[in-house]
Amino acid sequence: AVQRLRDQIDQLRAQGGVQAVLEAQDQGERYYKSLQEKDSQLSVLKNKDLTREAVQLHDRDSSALQEQIVAKNERIRVLEEANMKLENEKASMDVKLDKLQSHE
């Protein structure tokens, strides 16, 4: 009878150990799920940051490109004005040349 009680006590101790292992495994699974959720949230935040950074880069690039376009348009305008001035001067010289040639 005593041996049987000792066996029951050993069995209960073993069951307690099994219970502790099961509880530890369950807690480990909860920690793992929590870690996965945190990792997923972190990935979402990183993607938002990358998207925000990409938008900022795009805005800066667009602004720089717009400035380049304005500068080129201004340069074209200046060159067109200079060309028109040269054409007017040439036409004026042609008229003077014609007058000189007709007086000879």
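Me: Before anything else, what counts as a helix or a strand here?
Reply: Helices are DSSP runs of H or I with at least four residues, and strands are runs of E with at least two. In this predicted model, the protein chain has one helix and zero strands.

Me: Where does that helix run?
Reply: Helix α1 covers residues 2–103, in a chain of 104 residues.

Me: And what overall dimensions does the trace have?
Reply: Along its principal axes, the C-alpha trace of the protein chain spans about 150 × 15 × 5 Å. The radius of gyration is 44 Å, whereas a compact globule of 104 residues would have one near 13 Å.

Me: What share of the residues count as buried?
Reply: The share is 0% of the 104 residues. As for the accessible surface, the protein chain has about 10000 Å², with 56% of that area belonging to carbon and sulfur atoms.

Me: How many salt bridges turn up in the whole structure?
Reply: The search finds four salt bridges. Side chains of opposite charge can pair when their charged atoms come close.

Me: Which residues are linked in a network of them?
Reply: Glu74, Arg77 and Glu81 are linked in this way. Arginine 77 meets glutamate 74 in a salt bridge with an N to O distance of 2.4 Å, and arginine 77 also forms a salt bridge with glutamate 81, where the closest N and O atoms are 2.4 Å apart.

Me: How are those partners spaced along the helix?
Reply: Glutamate 74 and arginine 77 are three residues apart in helix α1, about one turn of the helix, while arginine 77 and glutamate 81 are four residues apart in helix α1, again about one turn.

Me: Why does glutamate 74 count as partly exposed?
Reply: Glutamate 74 does so because its relative accessibility is 38%, and partly exposed is the range between under 20% for buried and over 50% for exposed. Arginine 77 is partly exposed as well, at 36%, and glutamate 81 is partly exposed at 45%.

Me: Moving along, which residue does lysine 90 bridge to?
Reply: Lysine 90 forms a salt bridge with aspartate 94, and their closest N and O atoms are 3.3 Å apart. Lysine 90 and aspartate 94 both lie in helix α1, four residues apart, which is about one turn of the helix.

Me: Is lysine 90 exposed or buried?
Reply: Lysine 90 is exposed, with a relative accessible area of 54%, whereas aspartate 94 counts as partly exposed at 34%.

Technical notes
Residues numbered from 1 in each chain as written. Predicted model: local features only at pLDDT ≥ 70, side-chain atom pairs only at ≥ 80, totals over all residues. Heavy atoms only, no water. Rg over C-alpha atoms; globule rule 2.2 N^0.38 Å. Buried < 20%, exposed > 50% of the residue type's maximum accessible area, 1.4 Å probe, protein only. Areas by Shrake-Rupley, 256 points an atom, 1.4 Å probe, with all protein chains shown as cover. Salt bridge = Lys/Arg side-chain N within 4 Å of Asp/Glu carboxyl O.
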